[in-house]
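Subject: Structure handover

Hello,

Please find the structure below. Notes on what was found in it follow.

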Amino acid sequence: MAYELMSGSQAAAVAVQRVGVDLVAAYPITPQTAIVETLANFEGRGELGGEFVSVESEYAALACSYGAAAAGARVFTATASHGLAYMHEMIHWCSGARVPIVMVNVNRTIGAPWSLDPDQGDSLSQRDTGWMQIYCSGAQEVLDTVMQAFLLSEELLLPCMVVFDGFYISHTYEAVDVPDLEKARAFIGPPTFAAQVQPEKPANIHALITGDMQADLVRSRHKTMLRAPAVFKEINQRFAETFGRSYGVIDSVMPPGTKRVIFAAGATAETVRWTLPELEETGMVQLRMFRPFPREDICNLFEAHDIEQVVVVDRNCSTGMGGILAQELQAAIYGMEKPPAVKDLILAGGIDLTPDMLIRAMTETASVDKVEQKWGVDLR
Amino acid sequence: MRIEELNQESEMLNPGHNACPGCGAALAVRYLTRALGPNLAIVLTASCWSIIAGMPPLTALKCPILHCPFPSAGSVGSGVRRGLNAKGQHDTTVVVLAGDGGTFDIGLQALSGAAQRNEDYLFVCYDNEAYMNTGMQTSSATPFGARTNTAPYPLFKEGQKKDIMQIMAAHGIPYAATATVAFPEDMEKKLKKAQEIRGFRFMHILSPCPPGWGTDSSDTIHLSRLAVNTGFFPLYEIVNGVSWKMTCQPEGKRTPLKEYLQNQRRFKQMEDIRIEALQEEVDHDWEALLEKIEATKCSD
């Protein structure tokens with residue numbers, strides 16, 4: 001055990017260093033900068049184990065990562081908010097190209113106007129790009145998940161985004177159990193996926209194809225991603241045997257008699273966890289894996305506990321529809337024999353969720369069945 | 001060069017590709033791959049060559065081609081180079097291939113970033129002076145006075161063609177050169193020279209486009225030669241951004257620009273006053289180039 005005090009961003013960088021990557025191409029953006037700086041410091045001390053390159057934009061960071069991964073290298077990059085939006089074309093391209101890439105996104109509201117709070121809309125609006133997405137609620141979870149994401153991404157040949165909230169996670173210091181370097185590198189092992197670019201092999205890689213050919217590729221990618229929960233569970237089992245910690249695609253707390261649950265992803269899940277003892281007959285589900293959406297795990301849990309109501313904490317809002325996690329959840333539970341009612345607590349703008357706000361929201365939500373959406377700002 | 005002098009064994013362009021008849025870009029890449037192959041990896045951005053390369057599993061070249069999105073070429077090249085290095089493949093020549101759109105316009109930021117970092121690869125721009133793959137729309141490489149489908153008659157391209165070579169020279173990169181398909185020996189010499197240099201290298205290749213320029217497919221070489229002999233597209237190289245050298249002088253006096261313009265449909269309705277304006281621009285650029293070359297000689 002080697003506990004160190006570090007921020008969520010530092011934990012992400014330490015995980016990358018523990019894994020050992022060939023290339024980090026990155027561009028700074030608040031609140032992700034500490035990740036880039038920490039990795040550059042590793043490079044400066046000769047401890048990164050690979051190359052660090054400062055590129056001219058987020059788009060370039062992901063484009064450079066794509067090129068290196070296509071050549072068979074293990075790569076990492078990190079961004080936030082506008083940076084992620086700027087990458088959008090490359091985000092699609094990388095999943096279509098089936099290159100393994102691990103990227104951290106630190107949630108931050110996208111403007112206009114300029115804003116710094118951790119709205120999840122940046123990463124959630126990349127929902128349909130073919131990337132896996134895992135949300136973390138604390139620095140330890142960040143470190144462990146980033147490490148595991150490399151194995152997941154390389155096994156499925158799909159890029160993986162590890163997401164956490166700006167400031168509440170990225171800038172908050174916690175005691176983190178840092179795995180021993182040799183033990184970590186032995187656990188992860190060198191990359192074993194095949195390079196797409198092999199100089200001795202002529203190939204027309206990701207060239208123009210027909211719609212029918214594309215349809216086959218999209219189906220194959222979809223089916224591959226549906227394997228992610230099982231692969232992730234297997235990775236966590238091995239991780240637990242080596243490091244003594246593990247995580248699920250969802251993590252739940254179900255006190256006896258639970259009839260309603262609070263459903264959250266990222267830092268708000270931690271607030272929910274600590275507030276739970278104040279609430280009666282209430283459990284919680286922390287959604288960790290958002291893509292693929294762990295429909296089966298969620299439905300099985302709700303069925304096993306006869307859950308009647310779910311209050312979703314959505315630190316985001318899809319204008320014209322509402323909270324994105326609530327929409328996803330409703331689609332996932334459609335078809336259950338007795339699907340729970342879904343209420344949505346919207347913290348758009350990345351506003352903070354305090355225990356008081358949550359308690360008030362839960363009290364009011366319990367009594368007013370018809371209110372489907374509640375705005376966090378009204379509870380301040 | 002006579003056809004029997006070509007080394008057929010080093011040919012990297014497969015028989016059968018999707019280029020139009022008389023395509024300067026197909027010829028340019030044929031010369032390029034033959035000069036630099038066989039240990040070669042090409043990064044290819046959206047351009048005519050995205051089509052020329054063919055549909056998988058078929059391929060027009062005997063080396064890997066990694067396709068990439070339009071603005072990304074310069075950055076993907078950086079990644080492939082570093083990725084191959086990580087895999088111990090330092091000897092592979094990495095070439096990023098882009099059209100004028102992917103170089104002068106949407107790809108300029110990535111190109112500049114890679115050049116500034118002195119990434120170890122060769123960036124080749126085959127310039128057909130408009131978005132030809134999408135059907136001839138104006139780019140910032142389109143010359144003054146030309147008509148395109150986004151500048152149809154009575155409109156014309158206003159403003160000068162962007163001087164990409166000066167931009168690259170300003171980055172102080174180890175090597176930059178111009179070339180065109182009518183002068184394959186000159187092109188090959190530059191490519192082989194570039195291959196021996198480490199760091200960022202840039203080649204600007206003028207590639208006539210029969211359907212876009214509105215010329216006969218048999219005129220490609222003739223036009224390419226006229227572009228050089230009029231001084232519209234001089235053949236030169238720049239070492240370290242400061243050392244300028246002409247590599248292929250027009251024979252005798254420069255040919256009047258009108259001879260280059262007159263048989264191209266894109267300049268068909270170009271008024272004399274604009275032809276004169278373009279001639280003046282070419283003369284001015286020619287003198288400026290000679291001054292740089294003279295200054296280089298003086299400092300040697």
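**Contact between the chains**

Ile205(A) stands opposite Leu66(B) in strand S2(B). Strand S9 of chain A (residues 203–205) and S2(B) run parallel and are joined by 3 bridges; strands are DSSP runs of E with at least two residues, helices are runs of H or I with at least four, and both are numbered from the N terminus. Two strands count as paired if DSSP finds at least two bridges between them.

Before the rest, the conventions. This is a predicted model, in which local features need pLDDT of at least 70 and side-chain atom pairs count only at pLDDT 80 or more, while totals for chains, interfaces and linings use all residues. Residues are numbered from 1 along each chain as its sequence is written, and chains are lettered from A and ligands numbered from 1 in the order in which they are written.

In total, 39 residues of chain B are in contact with 37 residues of chain A (contact: C-beta atoms, placed from the backbone, within 7 Å). On the chain B side, S1 (40–45), H2 (48–52), S2 (64–68), H3 (73–86) and H5 (108–116) each supply at least two residues. H3(B) gives the most, with 10 residues. By class, this side of chain B has 21 nonpolar, 15 polar and 3 charged residues. Here Ala, Val, Leu, Ile, Met, Phe, Trp, Tyr, Cys and Pro count as nonpolar, Asp, Glu, Lys and Arg as charged, and the others, Gly among them, as polar.

**Core**

The largest nonpolar core has 220 residues (buried Ala, Val, Leu, Ile, Met, Phe, Trp, Tyr and Cys joined through C-beta atoms within 7 Å; buried means 20 or more other C-beta atoms within 10 Å of the residue's own, with C-beta atoms placed from the backbone). Among those with the most contacts inside it are Tyr66(A), Phe263(A) and Val124(B). Domains 1 (3–242) and 2 (250–379) of chain A both give residues to this core, so it lies between them; the domain bounds come from an automatic or database assignment.

**Strand S5 of chain B**

In S5(B) (residues 175–180), 6 of 6 residues are buried. S5(B) runs parallel to S6(B) (residues 201–206), with 6 bridges, and antiparallel to S7(B) (residues 235–239), with 3 bridges. Ala177(B) has Met203(B) as its bridge partner in S6(B) and stands opposite Glu237(B) in S7(B).

Regards

How values were computed. A residue is buried if 20 or more other C-beta atoms lie within 10 Å of its own, exposed if 12 or fewer, and partly exposed in between; C-beta atoms are placed from the backbone. Two residues are in contact if their C-beta atoms, placed from the backbone, lie within 7 Å.
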